[in-house]
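Work through the exercises below with the sequence and the model at hand. Each task is followed by a solution in steps.

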Amino acid sequence: HEVPDVRCAAAQILLALAPADYTPAACDTLDQLLSESAVDTGGFRTALRSLTLHAPDRAARHLERLAQSGEIRLYLIALGWLGRIGAVPVLIEHLAEPQTARVAAASLSLITGADPVRDDWQGPKMALNGSDELADSEMPVVDPDAHFPWPDAAGFAAWWHVHGPRFDNANRYFAGRPITPEWLGEVLISGPLAWRPLSAEHLQRLTRGPRFPTRLLAPAQRALFQTLTQKGTA
């Protein structure tokens, strides 16, 4: 199709619902879209998310490109989408940097399931090294990570020292466990709101069924939770 967004949507649907025979063509399309897009565009982010979630082995060179670009925040987010334990050392390195500490912590949580507050690695607010005084003609920069807690690098290192051995490089992890339909259903029912759309996307790929509607109001979602438990025991 001549419209890149339409091609991207078609590739996403193939990865989520079509037989495996269609995976190479879908990945080739996303590869091309990523190669043709600037890393700071919404189209790049959308295509990268699909590739990292559903065809992670095809995402490596695009992650490398991100790492070498100025879009370090998206790079750290994508490492969380990837769910590889090999990314943990890279993310730990960014816990001490004010500009990246919170987003790196969010990706560590997404992979390992560790929570800064619950697991005692929340830290004090770091100075962002930005000027507090703006000229009259300037607008304040919106902090994209304002909703994330500040981490403590030493606190996470202590948690990882105890819990790290239960993880391995053979699996991809989501919210602290290998990606299975049963676990994804649990995350949809009781996990953090920010993780539920990702869980629904993973679950759709594994079941080849409809995507759980995480945008519905909470009562409507609760009414559908029983269908998740039924799928888990089927």
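The model is predicted, so local features need pLDDT of at least 70 and side-chain atom pairs count only at pLDDT 80 or more, while totals for chains, interfaces and linings use all residues. Residues are numbered from 1 along each chain as its sequence is written, and side-chain values use heavy atoms, without hydrogens and water.

**Exercise 1.** Determine whether His 94 is buried or exposed.

Step 1. Locate His 94: the loop between helix H6 (88-93) and helix H7 (101-112) holds it. Helices are DSSP runs (H or I, at least four residues), numbered from the N terminus.

Step 2. Buried means under 20% relative accessible area, exposed over 50%, partly exposed in between (1.4 Å probe, protein chains only). His 94 has 17% and is therefore buried.

Step 3. Apart from neighbours within four places in sequence, His 94 is in contact (heavy atoms within 4.5 Å) with Ile 72, Leu 76, Thr 100, Ala 101 and Ala 104.

**Exercise 2.** Find which residues touch the most other members of the largest nonpolar core.

Step 1. A nonpolar core is a set of buried Ala, Val, Leu, Ile, Met, Phe, Trp, Tyr and Cys residues joined through side-chain atoms within 4.5 Å.

Step 2. Among the 58 residues of this core, they are Leu 30, Leu 48, Trp 81, Leu 91, Phe 156 and Phe 174. Helix H5 (residues 72-82) gives the most to the core, eight residues.

**Exercise 3.** State how H1 passes H2.

Step 1. The crossing is left-handed, that is, the near helix is turned anticlockwise from the far one by less than a right angle.

Methods. Helix = DSSP H or I, 4+ residues; strand = E, 2+ residues; numbered from the N terminus.
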